[in-house]
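Biologist: I have a new model open and I'd like to learn how to read it. Can we go through it feature by feature?

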Amino acid sequence: MSLVIGNSSFVIRPRPLGPSAALFLAVVILTGCGDAGGARVLNRKAAEIIATTTQPADTVWLDDCELSSVDDRSGSPGKSKCFVGKPIILAGQTYPRGVGVHAPSEIIIDLDGAATRFQAVVSIDDEVGKLGSAVFSVWVDDRDAAHTAILRGGGPPREISVDLTNAKRLWLVVDDGGDGIDKDYADWAMARIEMKPGATTKPRISRIVDPAPPAIVMMKPGDHLTGVPEIHPPFVVGATPGRPFLFRVPATGAGPMRFTADRLPAGLKIDANSGIISGTLKERGRTDVTIAAQGSLGRSSSTLTIIGVEHRLAQTPPMGWNSWNAWGTSVDEAKVKAAAAAFESSGLAALGYAYVNIDDAWEGSRDAQGRIRTNDKFPDMRALAGHLHRMGLKLGIYSSPGPKTCAEFEGSKDHELDDARTYAEWGIDLLKYDWCSYGKISNDLPRAELRKPYELMRAALDVCGRDIVYSICQYGRGKVWEWGAEVGGNYWRTTGDIIDTWACMSVIGFAEHAHAEFSRPGHWNDPDMLVVGRVGWGPTLHATRLTPNEQVTHITLWSLLAAPMLIGCDLSQLDDLTFSLLGNADVLAINQDALGRQAARVARTGTLLYGPKADVTEIWSRPLEDGSIAVGLFNRGAGEATVTARWPDLGIRGKHNVRNLWLKQELAPADGSFTTKIPRHGAVLIRLTPAPK
Ligand code: GLA
């Protein structure tokens with residue numbers, strides 16, 4: 001692709017572009033590096049006047065609109081506040097009104113031709129000092145009506161004034177300034193829409209909905225518990241000899257099911273009815289076990305490789321559930337048991353989901369010996385673990401290396417060994433260890449300081465006598481992907497917390513391109529837990545704000561990324577779409593592929609990510625153990641796009657069989673390229689297998 005910018009012409013090669021570089025180019029193309037249209041630099045005096053002027057009656061303030069469907073990184077824009085809830089202050093001037101967002105952000109407002117003008121003062125909030133950068137743009141229908149240069153924290157704001165006569169739709173867009181989205185607290189100060197005198201309609205914040213349901217096979221919870229048996233991944237598990245072993249063979253199909261395992265290593269046995277393999281590996285070594293499942297409608301068999309070696313947990317990304325995105329601090333034992341019961345009744349356990357993880361808010365106080373106790377919501381952790389283990393499921397728990405967790409519960413500081421031992425006694429199988437109050441909240445601690453608390457807990461886990469998967473959560477500080485494996489992490493969060501918006505999920509997910517090389521069996525990048533289904537981070541839940549096609553993109557990406565598949569919704573309220581997204585065995589097989597190679601982006605077209613002219617498409621691929629490759633085709637643009645995956649970009653040649661995994665359909669073989677139409681924010685996931693000559 002060649003582009004003309006000013007007097008220079010550039011050839012863009014998709015492969016080497018990092019996400020920020022690509023975004024920066026988009027910004028440059030959009031802005032031509034400066035303010036344009038109805039945007040101008042605002043001086044101090046004028047700012048003061050704007051901040052104190054009252055508006056005529058026909059003015060509608062943006063902060064008076066219902067903002068819950070606004071698409072931004074934070075998920076909750078500030079009303080008359082910057083997004084962290086403090087007053088809006090730009091270059092020293094406080095503004096009493098406005099909306100504070102976190103880039104990227106897209107506010108779409110339907111006007112019905114009843115408005116005359118949009119005005120605002122924009123910049124990065126003083127809250128972040130000189131950090132943060134963003135480009136603001138205002139689109140009227142499909143027209144770029146105003147955009148700013150790249151604005152930086154502390155710099156002069158811009159006044160925006162745009163004519164809205166006869167306009168149907170207004171788009172307020174904030175995009176990153178080319179250096180990543182960190183600290184991009186962006187304010188639309190004094191943002192207001194003047195209406196025609198006597199206008200009978202009001203501006204409405206709008207959400208673009210999918211024109212049609214996504215192209216995926218729809219299933220209902222329980223559907224997998226009928227039909228012929230099928231054994232599912234993981235097909236490779238690691239465990240430490242001498243420690244308790246537990247693995248339930250994931251198998252769907254009509255029961256009653258009977259399981260057998262040939263050549264199980266010494267110390268292990270399989271329960272014929274449940275398919276649960278338990279015991280203790282007696283010796284080190286690698287064993288290929290033949291597993292068979294006999295159901296009422298047939299038989300299936302497969303090979304399970306058991307690796308009996310120290311530090312070989314999480315050979316494939318953990319699959320399970322975590323309480324946080326659904327329940328926040330309102331999690332309790334009943335909710336955890338309900339999640340486990342839903343895993344069983346829906347068939348998700350039979351598809352390989354095994355971990356049931358309690359996030360923050362289970363902790364009580366310490367006893368006189370310093371031993372951590374649960375709070376009232378978890379009367380008996382050991383009994384809870386036993387309950388899950390009898391189902392073949394595993395129990396995860398959460399703590400912080402600091403004195404307090406993020407929700408202000410007791411952390412593990414100075415009690416690392418006590419806590420690891422307590423977890424082992426309770427029968428805990430996974431620990432999420434969350435930075436929170438450890439040390440100063442700072443992004444630039446030396447790497448040794450960032451590693452220290454994680455090394456300390458690693459050492460404690462090593463001597464606790466139980467295999468506990470170690471999940472490092474410190475939001476990506478100090479490029480954790482470069483050293484997460486060295487400190488014994490089985491997976492590490494690469495970002496801040498996920499929220500159920502496209503701006504957030506897509507930024508987090510697509511940024512994983514930069515970390516692909518660091519992911520491998522036992523050590524995975526973690527772009528955070530899933531946000532499909534009913535989420536809420538507290539007692540009140542809502543349906544995910546992602547559109548169905550955005551949800552397809554979410555699960556497609558996480559599968560390609562070999563990300564931990566940790567469901568974040570209330571499993572007792574699984575609707576068919578959510579179940580179909582989480583329970584597609586073809587898609588899960590990509591996530592769980594034993595080669596364990598994370599996908600990376602191999603091609604990209606387009607320049608704009610947000611606004612009515614957004615046009616970016618991407619191709620991602622990963623090689624699979626059987627010699628086939630998984631390819632994700634993504635449309636990040638505003639409308640339907642025709643997307644092509646080209647063989648040279650994928651590193652393959654010749655004729656390939658093509659399977660559409662979401663549709664579970666074999667398509668016509670392809671040679672040289674594969675082209676498909678993809679709706680706005682949607683994805684297509686295919687598996688390409690070399691066709692026999
Ligand atoms: C942090 C983590 C979240 C969650 C909460 C719990 O914000 O990133 O995933 O664990 O703490 O307080």
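This is a predicted model: local features need pLDDT of at least 70, side-chain atom pairs count only at pLDDT 80 or more; totals for chains, interfaces and linings use all residues.

Biologist: How far should helix H7 span, and what do its end C-alpha atoms show?

Modeller: Count 1.5 Å a residue: the 16 residues of H7, 447-462, should span 22 Å, and the end C-alpha atoms are 22 Å apart, so the two agree. Still, H7 bends by about 30 degrees at proline 453.

Biologist: Which residues of H7 are buried?

Modeller: Here's the general idea first. An α-helix has 3.6 residues a turn, so residues three or four places apart point the same way. In H7, the buried residues include Leu450, Pro453, Tyr454, Met457 and Leu461. The buried residues of H7 pack against helices H6 and H8 and strands S34 and S35.

Biologist: Which residues come nearest to the ligand?

Modeller: Of the 13 residues around the ligand, Asp359, Asp360, Lys432, Asp434 and Asp497 come nearest. Look for polar side-chain atoms facing oxygen atoms of the ligand: one from aspartate 359 lies 2.6 Å away, and one from aspartate 360 lies 2.8 Å away. The protein covers 93% of the 310 Å² of accessible area that the ligand has on its own.

Biologist: Is isoleucine 358 buried or exposed?

Modeller: Buried means under 20% relative accessible area, so isoleucine 358, at 1%, counts as buried. This residue sits in the loop between strands S30 and S31. Isoleucine 358 touches Val331, Phe378 and Leu395, among others. Serine 323 is 35 residues from isoleucine 358 along the chain, yet their C-alpha atoms are separated by 5.5 Å.

Conventions: Residues are numbered from 1 along each chain as its sequence is written. Side-chain values use heavy atoms; hydrogens and water are left out. Helices (H or I, at least four residues) and strands (E, at least two) are DSSP runs, numbered from the N terminus. The expected span of a helix is 1.5 Å times one less than its number of residues. The bend at a residue is the angle between axes fitted to the seven residues ending there and the seven starting there. Buried means under 20% relative accessible area, exposed over 50%, partly exposed in between (1.4 Å probe, protein chains only). Contact means heavy atoms within 4.5 Å. A residue is near a molecule or strand if one of its heavy atoms lies within 4 Å of it. A polar contact is a pair of N or O atoms within 3.5 Å; within protein, one must be able to donate a hydrogen and the other to accept it, and residues adjacent in sequence count only if both atoms are side-chain atoms. Accessible areas come from the Shrake-Rupley method with a 1.4 Å probe; for residues, only the protein chains shown count as cover.
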